[in-house]
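This briefing covers a helix pair, a pocket and a cavity. Look at the structure below, then read the points by topic.

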Amino acid sequence: MVRTDAETRILDAAKTCCERWGIDKVTVDDIAAAAGVSRATLYRLFPGGKDILFAALNARERAEFFATLTAEIGDTDDFEELVVRLVVAATRELRADDHLAIMLASEPGAVLSELTVDGMPQIIRVANDYLTPILKPFLDPEYAEPLIDLLVRITISYFLSPSDHVDLGEIDSARAFLRPGLAVFSPSIRQPRTTTIEEPS
């Protein structure tokens with residue numbers, strides 16, 4: 001979705017204000033002032049006020065996260081390697097997200113809800129939008145969607161509650177942890193098609 005400059009400024013301001021005062025304490029007036037727009041302009045662009053604005057901010061953050069993730073994983077024709085790279089890159093992105101860290105420290109209840117019960121369906125939906133095309137060369141959608149659902153839940157769970165035995169941000173540890181589960185999908189995995197280019201005679 002393409003945002004106007006004013007919409008982008010308002011979303012950026014909402015993010016900054018949440019970090020400064022917390023989700024519950026920040027007001028529409030705070031956000032409008034930080035964005036340099038009037039209260040009327042904010043309500044015109046985001047009818048419904050804070051709830052609609054925060055929903056739009058969360059949607060933007062999810063889309064940016066998965067866009068960054070898909071850009072970082074690189075190319076591979078190996079299914080296991082691709083899945084491991086996805087999980088490792090996602091874990092590292094979550095750990096490196098300063099905004100998320102600040103919000104977890106200041107508003108843990110709201111953030112945990114957004115990452116689990118309330119926000120999980122939306123996260124999985126966006127993950128499917130971005131990751132299904134990447135997995136398509138290896139798996140049909142009927143297998144890709146359950147796998148994405150599982151990977152999202154595992155990654156978020158281990159991010160929120162780190163393990164002494166598994167580090168999903170470290171490639172060898174992630175591979176050893178994921179390999180047994182990925183074996184379940186092995187009968188459905190296909191090799192991606194490659195195009196052979198003949199040398200001119």
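Ala, Val, Leu, Ile, Met, Phe, Trp, Tyr, Cys and Pro count here as nonpolar; Asp, Glu, Lys and Arg count as charged; the others, Gly among them, count as polar. With these classes, the lining of the largest pocket has 24 nonpolar, five polar and eight charged residues. The model is predicted.

**Largest pocket**

- The volume of the largest pocket is about 930 Å³.
- Its lining takes in 37 residues, and the closest to the pocket centre are Glu61, Arg62, Leu100, Glu114 and Leu115.
- Two or more lining residues come from each of H1, helix H4 (50-72), helix H5 (79-96), helix H6 (98-106), helix H7 (108-115), helix H8 (120-135) and helix H9 (141-160).
- H4 gives the most to this lining, with ten residues.

**Largest cavity**

- How many cavities of 30 Å³ or more are there? The count comes to one.
- The largest cavity has a volume of about 50 Å³.
- Its lining is made up of Thr91, Arg95, Thr155, Tyr158, Phe159, Pro162, Ser163, Val166, Asp167 and Leu168.
- H5 and H9 are the elements that give two or more residues to the cavity lining.
- H9 gives the most to the cavity lining, with three residues.
- By class, the cavity lining has five nonpolar, three polar and two charged residues.

**Helix pair H1 and H2**

- Two packed helices are described by the angle between their axes and the distance between the axes.
- Helix H1 spans residues 5-21 and helix H2 spans residues 28-35; their axes come within 8 Å and cross at roughly 120°.
- Angles of 65 to 115 degrees count as roughly perpendicular, and those over 145 as roughly antiparallel. H1 and H2 are therefore oblique to each other.
- The crossing of H1 past H2 is right-handed.
- On the H1 side, the contact is made by Arg9, Ile10, Ala13, Ala14, Cys17 and Trp21. On the H2 side, Asp30, Ile31, Ala34 and Ala35 make the contact.
- By class, this contact of H1 with H2 has eight nonpolar, no polar and two charged residues.

Technical notes:
Residues are numbered from 1 along each chain as its sequence is written. This is a predicted model: local features need pLDDT of at least 70, side-chain atom pairs count only at pLDDT 80 or more; totals for chains, interfaces and linings use all residues. Side-chain values use heavy atoms; hydrogens and water are left out. Axes are lines fitted to C-alpha atoms, for helices over the stretch in contact, and angles run from 0 to 180 degrees between N-to-C directions. Helices (H or I, at least four residues) and strands (E, at least two) are DSSP runs, numbered from the N terminus. Angles under 35 degrees count as roughly parallel, over 145 as roughly antiparallel, 65 to 115 as roughly perpendicular and the rest as oblique. A crossing is left-handed if the near helix is turned anticlockwise from the far one by less than a right angle, and right-handed if clockwise. Contact means heavy atoms within 4.5 Å. On a 1 Å grid over the protein atoms alone, a cavity is a set of points where a 1.4 Å probe fits but cannot get out, and a pocket is an open set with protein on both sides within 12 Å along at least five of seven lines; lining residues have an atom within 4 Å of a point. Grid points are joined across faces, edges and corners, and a volume is the space filled by probe spheres set on the points.
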